[in-house]
Amino acid sequence: MEESDHSEIRGMHCAACATRIEKAVSKIEGVIDVHVNLTTEKGFFTYDKDRTWLRLHIL
């Protein structure tokens, strides 16, 4: 079952930080889409909740 969520991400200083987080999270099994916004310091995630514990990873 597909689910979406978001989380605050603090400590990013540049676009490379956001890209690194996106790449790392996208490697988690069950993650469908991830977008990190450097300006708002938020990450937006879409994942298959039956295939991953992403919610536990981002909280």
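Visitor: What makes up the largest nonpolar core of this structure?

Guide: In this predicted model, the largest nonpolar core consists of 9 residues: Ile-9, Met-12, Ala-18, Val-25, Val-31, Val-34, Val-36, Phe-45 and Tyr-47. Helix H1 (15-26), strand S2 (31-37) and strand S3 each supply at least two residues of this core. Strand S2 gives the most, with 3 residues.

Visitor: Why is the contact between Glu-3 and Lys-49 called a salt bridge?

Guide: The side chains of Glu-3 and Lys-49 meet at 3.8 Å, N to O. The cut-off is 4 Å between a side-chain nitrogen of Lys or Arg and a carboxyl oxygen of Asp or Glu, so the pair qualifies.

Visitor: Which parts of the chain does this pair link?

Guide: The pair links distant parts of the chain, its residues being 46 apart. Glu-3 belongs to strand S1 (residues 2-8), while Lys-49 lies in the loop between strand S3 (42-48) and helix H2 (54-58).

Visitor: Why is Glu-3 called partly exposed?

Guide: The relative accessible area of Glu-3 is 28%. Buried means under 20% and exposed means over 50%, so Glu-3 falls in between. Lys-49, at 39% relative accessibility, therefore also counts as partly exposed.

Visitor: How many salt bridges does the structure hold?

Guide: The structure holds 2 salt bridges. One of them joins Arg-10 to Glu-8, with the closest N and O atoms 2.6 Å apart. This value is within 4 Å, so the pair meets the definition.

Visitor: What makes Arg-10 exposed?

Guide: Arg-10 has a relative accessible area of 67%. Exposed means over 50%, and therefore Arg-10 is classed as exposed.

Conventions
Residues are numbered from 1 along each chain as its sequence is written. This is a predicted model: local features need pLDDT of at least 70, side-chain atom pairs count only at pLDDT 80 or more; totals for chains, interfaces and linings use all residues. Side-chain values use heavy atoms; hydrogens and water are left out. Helices (H or I, at least four residues) and strands (E, at least two) are DSSP runs, numbered from the N terminus. Buried means under 20% relative accessible area, exposed over 50%, partly exposed in between (1.4 Å probe, protein chains only). A nonpolar core is a set of buried Ala, Val, Leu, Ile, Met, Phe, Trp, Tyr and Cys residues joined through side-chain atoms within 4.5 Å.
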